[in-house]
Amino acid sequence: MKVAVLRFPGSNCDQDAFFALTADMGIDAAYVWHEETSIKGFDGVFVPGGFSYGDYLRCGAMASRSNVMQEVVRFAAEGGPVLGACNGFQILCEAGLLPGALLLNEQQKFVCCDVFLKTETRRSVWTAEAADIVRIPIAHGEGRYVVEPDDLKRMEDRAQIAFRYVNASGASDEDSNPNGSVDGIAGVLNEAGNVLGLMPHPERATRSILGGTDGIGILKGFQLVMAK
Amino acid sequence: MARISQTIDVARAQILVTLKPSLLDSAGRTVAGSLQNLGFTEVSEVRVGKLIEIELAEYSEARVKEMCEKLLANPVIERFEIKEIV
């Protein structure tokens with residue numbers, strides 16, 4: 001198993017992702033620059049967080065049209081596992097791999113804290129091993145997930161909601177939604193379940209010295225694909 | 001608004017990108033609050049959009065529309081209007 005950690009101008013969670021995968025998960029990984037036109041030889045893709053292209057125009061807009069992302073779209077269509085965190089989630093939405101979009105947080109503030117997520121489905125490799133209640137860091141200014149009501153209904157019917165923001169006891173209340181996302185949605189899957197995008201950072205929760213290890217259950221998706 | 005070039009033999013397109021009315025505009029809400037703080041109490045709502053100006057060898061509305069659909073606007077959250085500047 002070898003995971004491609006994508007790098008765009010302005011990515012800044014790429015090294016965290018590489019470290020978490022290699023040092024904490026024992027997964028082989030390599031950086032792939034956005035100009036690359038092939039991801040041959042890779043079995044999975046991690047689209048890291050940051051501020052690709054300075055968040056110009058819209059977060060993830062330019063990155064989603066880059067050479068390497070065109071390959072990732074093809075890779076995902078063939079069932080390859082793709083995980084996007086934070087700016088990576090924005091990029092996957094902009095690329096059309098996931099429904100919806102991310103807007104400026106409702107309360108207009110950059111939020112940087114630990115949150116709790118409820119794992120809403122087990123049908124994907126990304127959620128199969130996740131804790132029921134995941135404690136995980138977020139750090140974003142534009143994480144308000146929006147999607148048309150009809151699309152939301154369809155996503156619910158097809159179990160595409162991966163994670164919702166909840167409080168420590170697993171209940172959703174007004175204070176547990178950090179950015180005003182519709183229905184408290186923190187992460188979504190594509191229809192096939194091989195692509196996950198989420199605003200929280202699983203790569204920042206892979207050892208106890210970082211404050212928690214609940215990211216491991218999500219990153220395990222890369223290993224589960226290989227075990228299949 | 002200042003012209004982005006003084007030459008007269010290029011075509012120009014102006015694109016107005018706005019957030020769909022159904023979506024909460026957080027930035028607009030902040031600006032509205034600031035205007036109200038400055039004493040403009042008549043302000044009830046502000047919505048913030050983007051104005052994009054493009055210089056082109058020649059103007060074609062169909063081509064500019066394609067640019068909007070492929071990159072400049074996100075149909076999930078935004079609407080756009082195209083205008084040729086003459």
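Mentor: Start with pairing: two strands pair if DSSP finds at least two bridges between them. Keep in mind that this is a predicted model.

Trainee: How do you know that E1 and E2 of chain A pair?
Mentor: Strand E1 (residues 2-7) of chain A and E2(A) share 6 bridges, in the parallel sense. At least two are needed, so E1(A) and E2(A) count as paired. Within this pair, Ala4(A) stands opposite Ala30(A) of E2(A).

Trainee: What is the order of the strands in the open sheet of chain A?
Mentor: The 9 strands run E2-E1-E3-E4-E11-E10-E9-E6-E7, and the pairing is mixed.

Trainee: What makes E2 and E7 of chain A edge strands?
Mentor: Strand E2 (28-33) and strand E7 (133-140) each pair on one side only.

Trainee: How do you know that helix H1 of chain A packs on the sheet?
Mentor: Contact means heavy atoms within 4.5 Å. Helix H1 (residues 14-24) of chain A touches E1, E2 and strand E3 (44-47) of chain A. The direction of H1 makes about 170° with that of E1(A).

Trainee: Which strands does helix H6 of chain A lie across?
Mentor: Helix H6 (residues 149-157) lies across strand E9 (161-166) and strand E10 (185-189) of chain A, at about 105° to E9(A).

Trainee: What lines the largest pocket?
Mentor: The lining has 27 residues; Leu103(A), Glu142(A), Leu19(B), Lys50(B) and Glu78(B) are the closest to the centre. The volume of this pocket is about 500 Å³.

Trainee: How many lining residues are nonpolar, polar and charged?
Mentor: 13 are nonpolar, 6 polar and 8 charged.

Note on methods:
Residues are numbered from 1 along each chain as its sequence is written. Chains are lettered from A and ligands numbered from 1 in the order in which they are written. This is a predicted model: local features need pLDDT of at least 70, side-chain atom pairs count only at pLDDT 80 or more; totals for chains, interfaces and linings use all residues. Side-chain values use heavy atoms; hydrogens and water are left out. Helices (H or I, at least four residues) and strands (E, at least two) are DSSP runs, numbered from the N terminus. Axes are lines fitted to C-alpha atoms, for helices over the stretch in contact, and angles run from 0 to 180 degrees between N-to-C directions. On a 1 Å grid over the protein atoms alone, a cavity is a set of points where a 1.4 Å probe fits but cannot get out, and a pocket is an open set with protein on both sides within 12 Å along at least five of seven lines; lining residues have an atom within 4 Å of a point. Grid points are joined across faces, edges and corners, and a volume is the space filled by probe spheres set on the points. Ala, Val, Leu, Ile, Met, Phe, Trp, Tyr, Cys and Pro count as nonpolar, Asp, Glu, Lys and Arg as charged, and the others, Gly among them, as polar.
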